[in-house]
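Open the model in your viewer and keep the sequence panel beside it. Each stop below tells you what to select and what is there.

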Amino acid sequence: MTMLGDVSTVPCTMEDMIHHIKPVVVGAPSPLIVGDMPFGSYNVSKEQAIMNANRLMKEGRCDVVKLEGGVEMAETVRAIVDSGTPVMGHIGLTPQTASKMGGFKVQGKGEAAQLVLEDALAIEKAGAFSIVLEGIPEQLGKLITEKVGIPTIGIGGGRYTDGQVLVFHDMVGLFDRFVPKFAKQYLRLNEQITEALETFKSEVKSGAFPEECHVFGGVTEEDIKTLY
């Protein structure tokens, strides 16, 4: 959505993700790199899920994979883990299936909190090494963090999860189509970039750019005269 301009994460393909992951691995060799499995790459069969997890690891060269879904995806998580690939879970608001949730809305309110808790427990039991908790009430995020024995990473999951994550483009203000409630904009680079482009355009038209300090020497006017 932030890089390719899509209106959701659904159109993203395995080829897109492999392309995105490889430069991250090159640029950040020390951190744990999580390869996000795109919609349609793991929900047909366990065999499909294992095959595509293998692709992200081999071609994308990430360290682990992440997939969305709770109870209904637990067996798929187990199959991938048993095949040798570590899995991070992702429950609550799951962007790939947001349309069946009525859009990008908070999940786990009221009685629905029990379902999200069951999702967390099922994913842990299936062998996931951590879980992303997205778009859920803070107290539910706290409860899940207390109930499971694996790390929880919050993105709109409240202040009591074991860690926090934000989309980079939300953090630095590069994506302004909408700003989620849970996203803090530490910068507004979109405004600064737009201003810089407008200034560049204006200076080119007025002749203010390039200045003397931006041009190369090495040929004198006398040298040029001999070329005529």
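The tour goes from the core to the salt bridges, then to a pocket, a strand and some backbone features.

**Before you start**

This is a predicted model: local features need pLDDT of at least 70, side-chain atom pairs count only at pLDDT 80 or more, and totals for chains, interfaces and linings use all residues. Residues are numbered from 1 along each chain as its sequence is written, and side-chain values use heavy atoms, with hydrogens and water left out. Helices (H or I, at least four residues) and strands (E, at least two) are DSSP runs, numbered from the N terminus.

**Stop 1: the largest nonpolar core**

Select Met37, Leu56, Leu67, Ile80 and Ile144. Of the 35 residues in the largest nonpolar core, these five touch the most other members. A nonpolar core here is a set of buried Ala, Val, Leu, Ile, Met, Phe, Trp, Tyr and Cys residues joined through side-chain atoms within 4.5 Å. Buried means under 20% relative accessible area, exposed over 50%, and partly exposed in between (1.4 Å probe, protein chains only). In soluble globular proteins, nonpolar side chains tend to be buried together.

Now colour by element. Those giving two or more residues to this core are α1, α2, β2 (64–68), α3 (74–82), β3, α4, β4 (130–134) and α5 (138–147). Which element gives the most to this core? It is α4, with 7 residues.

**Stop 2: helix α3**

Select α3. Its buried residues are Ala74, Thr76, Val77, Ala79 and Ile80. The cover over them includes α2, β2, β3 and α4.

Centre on Ile80. Setting aside neighbours within four places in sequence, Ile80 is in contact (heavy atoms within 4.5 Å) with Met37, Ala49, Ile50, Ala53, Val65, Leu67, Thr85 and Val87. Then step past the helix: Gly84 follows α3, and its phi is positive, near 110 degrees.

**Stop 3: salt bridges**

A salt bridge is a side-chain nitrogen of Lys or Arg within 4 Å of a carboxyl oxygen of Asp or Glu. How many are found in the whole structure? The search finds 6.

Select Glu15, Arg55 and Glu59. Salt bridges link these three in a network. Begin with Glu15 and Arg55, whose side chains meet at 3.2 Å, N to O. This pair links distant parts of the chain: Glu15 is in helix α1 (residues 14–27), Arg55 is in helix α2 (residues 46–60), and they are 40 residues apart.

Next, look at Arg55 and Glu59. Their closest N and O atoms are 2.8 Å apart. Both residues sit in helix α2, 4 residues apart, so about one helical turn separates them. An α-helix has 3.6 residues a turn, so residues three or four places apart point the same way.

Jump to Lys225 and Glu222. Their side chains form a salt bridge of 3.4 Å, N to O. The two are 3 residues apart in helix α8 (residues 221–225), about one helical turn. Lys225 is exposed at 53% relative accessible area, and Glu222 is exposed at 51%.

**Stop 4: the second largest pocket**

Select Glu72, Thr94, Lys100, Met101 and Asp119. Of the 23 lining residues of the second largest pocket, these are the closest to its centre. About 390 Å³ of space lies in this pocket.

The terms: on a 1 Å grid over the protein atoms alone, a pocket is an open set of points where a 1.4 Å probe fits, with protein on both sides within 12 Å along at least five of seven lines; lining residues have an atom within 4 Å of a point. Grid points are joined across faces, edges and corners, and the volume is the space filled by probe spheres set on the points.

Show β3 (87–92) and α4 (113–126): each supplies at least two lining residues. The largest share comes from α4, with 4 residues.

**Stop 5: strand β5**

Select Ile153, in strand β5 (residues 152–155). Ile153 is partly exposed, at 21% relative accessible area. Not counting residues up to four places away in sequence, Ile153 touches Ile131, Val132, Leu133, Thr161, Gly163, Gln164 and Val165.

**Stop 6: backbone features**

Select Arg61, in the loop between α2 and β2. Its phi is positive, near 70 degrees. Arg61 is exposed, at 56% relative accessible area.

Finish at Phe209 and Pro210. A cis peptide bond joins them, with omega about 5 degrees. Pro210 lies in the loop between α7 (189–206) and α8. Most residues other than glycine have a negative phi, and most peptide bonds are trans.
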